[in-house]
Every structure is written in structure tokens, then in C-alpha cells.
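Reader: Please take a close look at one part of this model and then place it in its surroundings. I would like each cut-off stated where its term comes up.

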Amino acid sequence: MAIDTRGETAGKPSGEKKSRTTPALFYRQVVNELRKVIWPTRKDLVTYTTVVLVFVLIMVAIVYGLDSALGWAVLKVFGGS
């Protein structure tokens with residue numbers, strides 16, 4: 001269940017001055033958050049990478065095709081060598 005803090009820092013009264021986080025505390029918090037991450041398996045990672053590369057290649061082909069077609073059309077309309 002989420003707690004609505006209405007823009008205030010959670011757990012601190014609105015009148016209290018904010019203190020800076022020490023580098024050691026920040027590091028511990030980062031490590032703690034990284035432990036919560038569900039890391040993909042090697043198979044998932046290969047699948048995701050393949051999907052992204054195929055998508056990028058398809059988009060490159062579409063952009064190249066449109067660029068070539070529009071370039072050809074502009075040369076036909078305005079003339080060129």
C-alpha cells in the first residue's frame with residue numbers, strides 16, 4: 001500500500017532540515033536495491049538482444065528505403081544529374 005506524502009520527504013517532518021546521505025550509506029542502499037532486481041537468465045538475455053537487433057535492422061531498412069525513394073522523387077521533380 002502506498003503512502004501519500006504530498007511532496008514531502010517520507011519519514012521526515014516538513015520543518016526538519018534535510019541531511020546529506022553519506023557515500024557509505026548510499027553504497028549500501030545501492031547494493032540493497034540491486035539485490036531486489038530480478039536479473040534475466042542467459043537465455044532471456046540472448047532472446048532480448050536478438051529481438052532488439054532484428055528490430056533495429058528492420059528500422060534501418062525502412063529509413064533507408066524511404067530516404068532513397070524520397071531522394072529519387074525529389075530528383076525527378078526538381079531535376080538533377
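Author: Glu33 is partly exposed, because its relative accessible area is 44% (buried is under 20%, exposed over 50%, partly exposed in between, with a 1.4 Å probe and protein chains only). The model is predicted, so local features need pLDDT of at least 70 and side-chain atom pairs pLDDT 80 or more, while totals for chains, interfaces and linings use all residues. Residues are numbered from 1 along each chain as its sequence is written, and side-chain values use heavy atoms, without hydrogens or water.

The partner of Glu33 is Lys36, and their closest N and O atoms are 3.2 Å apart in a salt bridge (a side-chain nitrogen of Lys or Arg within 4 Å of a carboxyl oxygen of Asp or Glu). Lys36 counts as exposed, because its relative accessibility is 55%. Both residues lie in helix H1, residues 23-36, three residues apart, or about one turn of the helix. An α-helix has 3.6 residues a turn, so residues three or four places apart point the same way. The structure holds one salt bridge.

The protein has two helices and zero strands (DSSP runs of H or I, at least four residues, and of E, at least two, numbered from the N terminus). Helix H2 covers residues 42-78; its 37 residues should span 54 Å at 1.5 Å a residue, and the 53 Å between its end C-alpha atoms agrees (the expected span is 1.5 Å times one less than the number of residues). Gly79 follows H2 with a positive phi, near 75 degrees.

An unreviewed UniProt entry lists residues 45-66 as "transmembrane region"; such annotations may be inferred rather than shown by experiment. That span is 100% helix and 0% strand, with its end C-alpha atoms 32 Å apart.

A nonpolar patch on the surface includes Val52, Phe55, Leu66 and Leu70, and its residues together have about 910 Å² of accessible area. Leu70 is placed in helix H2 and counts as exposed, because its relative accessibility is 57%. Patch residues have over 30% relative accessible area and no salt bridge, with like charges joined within 9 Å and nonpolar side chains (Val, Leu, Ile, Met, Phe, Trp, Tyr) within 5 Å. Of the 81 residues in the protein, 0% are buried.

Definitions and conventions:
Accessible areas come from the Shrake-Rupley method with a 1.4 Å probe; for residues, only the protein chains shown count as cover.
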